[in-house]
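Thanks for coming. Please have the viewer open.

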Amino acid sequence: MQDPGSWVIPLTNPLCADSERVGGKAMQLHALLQAEFAVPPAWVIAYQAFRSHHPDAIPARKPQAATLADDLRDSLQTIYEELSENGTHYLVVRSSALSEDGVDHSFAGQHATYYYIDADNLAKAVADCWISLWSSAAAAYRRKLQNPDTHFGMAVIVQRMVQADRSGVCFTEDPTGQHPEHMLIEATWGLGAALVDGRVAPDRYWLNRNCELSDQKIGRKRLKVAEKLKDPSGQRLEPVPAGQQSSAVLNRQEAEQIAQLAARAARLRGGPQDVEWAFAEGKLYALQTRPITALPVQVPALPIEGRWVLFKPVIENFSEPLTPISVDLFRRILPPLGRFIHGRYYLNVDAMQHMLPFHIEEADLARLLLLRGSAPQLKINWRRLPMTVALLTIGYLSMGITWYRGASVPLDRLSDFERRCDAILADENCDALSALHELFFNRHPFQPISEFAFQANMSAGRYFMLIGVLKALLKRFAPDFDQSKLAMLFVGGESTLSRQMVDAISGLADVARPDVALVDALLADEGPDPGTVVAALQPTHPFLAAFGQFMASYGHRAVREFDFISPRWREDSSAVLQMVRNYLKPDRREGVDPHSLRLATEDEMHQSIKTTWQIWLVDRLLARIRYYVTLRENTRHYHTMAFAVIREKLQRCERELIQEGRLRCTDDIFFLKWPEIAGLTVGAMDWENVESVLSQRRRQYRRQCEILPEESFNLASATRTTTLESGRYTGDCACPGVAEGIARVVLDPGLGADFEPGDILIAPYTDPAWTPLFPNAGAIVVEIGSYLSHAGTVAREYQIPCLVDVEGCTRTIRSGQKLRVNATAGWVEVIE
């Protein structure tokens with residue numbers, strides 16, 4: 001056996017320049033250290049130690065963790081005493097495989113890293129690091145390489161752990177492609193493990209080639225691996241204080257300092273680099289660097305057979321993919337007209353085309369299914385008509401009762417569904433899957449229709465067909481009437497719950513306003529966050545009572561509320577308090593009176609119609625349209641209660657599994673599938689069975705979040721022209737009108753604290769959680785949406801010009817630019 005003493009090498013030793021001895025990661029760190037970068041002190045357990053402990057190691061056969069040789073254990077004890085300064089610092093153990101962090105492949109995130117290592121678990125961490133060579137993720141990565149069995153082995157880095165209060169990565173070339181000529185920094189609170197594992201949505205900073213900050217996107221950083229854990233052997237993820245979650249991790253100077261460090265590393269290594277960095281007590285450290293050309297190999301997706309088009313009613317509420325548990329549960333209740341692809345739901349175009357009794361071109365079908373533009377001229381396909389009639393007959397026999405009863409749901413009886421949700425939540429024998437079936441399908445079809453919130457919501461979509469009928473009638477009855485004004489009449493009015501929610505938030509501001517000290521604290525740009533301010537109020541303060549009433553009515557709402565991973569407002573009230581803060585700002589925009597404008601438009605329409613019976617018919621259609629608009633919005637309010645119930649059921653299960661040691665971290669359950677949860681619950685599976693799966697799915701989910709969904713697969717989708725001329729972008733009108741104002745790009749309504757009255761709201765999408773921003777907006781421009789979307793519906797309630805489906809608006813329009821929006825004509829332009 002080789003002398004174990006030669007296995008242990010300080011990172012400063014010239015031998016660490018040999019990647020065949022110390023692996024790619026240690027070799028790169030040695031180069032940084034030699035160039036006088038601030039690299040934490042470290043030693044390397046050379047590849048020869050791995051080979052000695054695993055002499056027959058091959059990729060196809062995973063061994064048991066080795067018992068370290070006594071001499072190596074003695075060396076590790078010496079290393080620990082030196083690096084920890086006799087126990088005053090924790091250590092980190094990092095992989096440094098022979099093929100890791102190289103020019104050809106990086107193996108980024110495929111092997112293990114262990115934080116908070118002390119003397120008692122150092123030897124085990126080294127042995128476990130070796131075993132991570134055989135992890136399922138690393139094995140899948142190797143299978144995609146040309147010579148997967150070459151350079152199979154691992155050195156291990158033992159390093160002093162930087163107790164970072166902030167950390168992240170810097171790419172000297174933006175790998176997302178959003179800003180190809182810029183550098184990209186991702187930053188989060190605490191140690192970098194939460195970012196690497198895909199547990200947080202980090203802040204992003206783009207800097208030009210001169211290392212000057214040019215753009216940033218602040219993420220919602222709900223969790224962190226704390227820099228100073230009280231019990232490192234327990235739960236390592238901690239919630240980030242509410243005030244920090246939406247705060248920028250870096251200021252301009254710090255971001256530019258990181259960029260300069262990364263640019264220097266790129267010059268040193270002779271190519272673009274991915275640099276891991278950390279701040280601790282104000283000092284910037286370089287933790288590792290790898291060539292950016294060695295981005296993780298993406299496992300090629302299987303070819304997608306058939307023709308599929310994005311299901312617009314869901315994607316216009318949020319463009320990010322659903323988490324695995326949401327996909328797995330929803331696919332069990334949805335009809336077989338579509339499928340989930342990369343976490344997004346797509347309609348089966350082949351099935352839809354066979355169901356429609358029309359001759360229709362593929363591009364026209366794509367536009368129709370994407371709710372884009374006006375309906376094409378359709379000709380009956382007589383061969384398909386019998387099939388359509390048969391399908392409609394079957395559909396009516398199965399759903400006709402709900403469709404018929406949905407035409408007369410008493411709006412005030414929808415609260416029956418809330419009582420149903422409460423009963424199922426209280427039933428401890430009802431798991432998440434059973435609860436979803438109970439709430440979606442109910443016990444039998446003759447239950448009160450008010451308990452079928454999902455079906456009533458779907459049946460309300462018929463108002464779009466009624467709009468088509470109304471337009472056709474008006475074209476005949478009143479050919480001179482400007483139909484672009486009709487949008488002003490398609491509203492639900494005061495009975496719409498989303499509007500009542502806005503009024504309730506405005507009411508919270510009114511309750512707070514007499515307390516000058518509270519208002520000053522909520523509006524302050526520095527000092528305690530709004531949640532801390534409210535928590536410090538006396539129990540008898542009227543604001544607390546009003547806030548409690550608001551949460552009782554609306555606490556089940558959330559951004560991206562279709563996804564079970566999304567925290568509800570009752571769990572995290574920071575978004576609501578930010579909205580209250582906006583309503584406390586002086587000089588709120590005084591908009592037009594929507595009610596008076598609707599009355600004037602309705603009177604103009606009546607005067608354009610010649611006969612009384614025609615007016616009666618048009619008014620009857622309008623009344624039904626308004627009813628279904630209100631029903632659609634109000635049932636959305638109630639069926640999201642069901643999603644909150646499912647989330648709570650999953651969280652209860654997760655807490656039990658964490659207590660039993662079968663799961664380790666909060667939110668892990670949302671990255672499992674139901675059979676895996678069931679297996680963990682009955683003890684058929686354990687943490688070891690799901691650890692690598694969770695890590696792989698989290699990283700994949702974060703990658704998918706950064707990619708806009710494909711509108712279609714294997715389909716000639718309608719081509720679009722986004723830019724008419726320099727600075728002008730086109731979209732579809734959801735509410736007519738013209739406005740000028742300052743652009744405010746808001747990616748999360750809880751992060752819209754800088755939104756000022758009269759600003760032009762630029763959003764990627766909207767759902768009801770965005771509603772409180774609408775009344776103060778001068779106009780609304782949305783990247784993904786349609787006339788039927790939430791953005792259009794609420795904009796019509798407040799008579800705010802609204803343009804939807806404006807491709808790329810959140811990426812190309814910058815906050816602070818002056819815009820002119822002509823929603824009637826379908827365009828927005830930058831004028832300053």
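This is a predicted model: local features need pLDDT of at least 70, side-chain atom pairs count only at pLDDT 80 or more; totals for chains, interfaces and linings use all residues.

H15 itself covers residues 432-441. At its N-terminal end the cap is Asp 431, with a side-chain oxygen 3.3 Å from the backbone nitrogen of Leu 433. The buried residues in H15 are Ala 432, Leu 433, Ala 435, Leu 436, Leu 439 and Phe 440. They sit on the same side of H15, because the arc they cover around the axis is only 160°. What lies over them? The cover includes helices H10, H14, H16, H24 and H25; H24, for reference, is residues 612-659.

Next, helix H1, residues 19-34. A straight helix of its 16 residues would reach 22 Å, but the end C-alpha atoms of H1 are only 15 Å apart. Where does H1 bend? At Lys 25, by about 80°. Lys 25 is also among the buried residues of H1, along with Gly 23, Gly 24 and Ala 26. At the start of the helix, a side-chain oxygen of Asp 18 comes within 3.0 Å of the backbone nitrogen of Glu 20. Just after H1, Glu 36 has a positive phi of about 65°.

Now the whole protein. It has 28 helices and 28 strands. Of its 832 residues, 56% count as buried. Among contacts with a separation of 6 or more, 69% are between residues 24 or more positions apart.

Conventions: Residues are numbered from 1 along each chain as its sequence is written. Side-chain values use heavy atoms; hydrogens and water are left out. Helices (H or I, at least four residues) and strands (E, at least two) are DSSP runs, numbered from the N terminus. Buried means under 20% relative accessible area, exposed over 50%, partly exposed in between (1.4 Å probe, protein chains only). Contact means heavy atoms within 4.5 Å. The arc is that of the directions from the helix axis to the C-beta atoms. A polar contact is a pair of N or O atoms within 3.5 Å; within protein, one must be able to donate a hydrogen and the other to accept it, and residues adjacent in sequence count only if both atoms are side-chain atoms. The expected span of a helix is 1.5 Å times one less than its number of residues. The bend at a residue is the angle between axes fitted to the seven residues ending there and the seven starting there.
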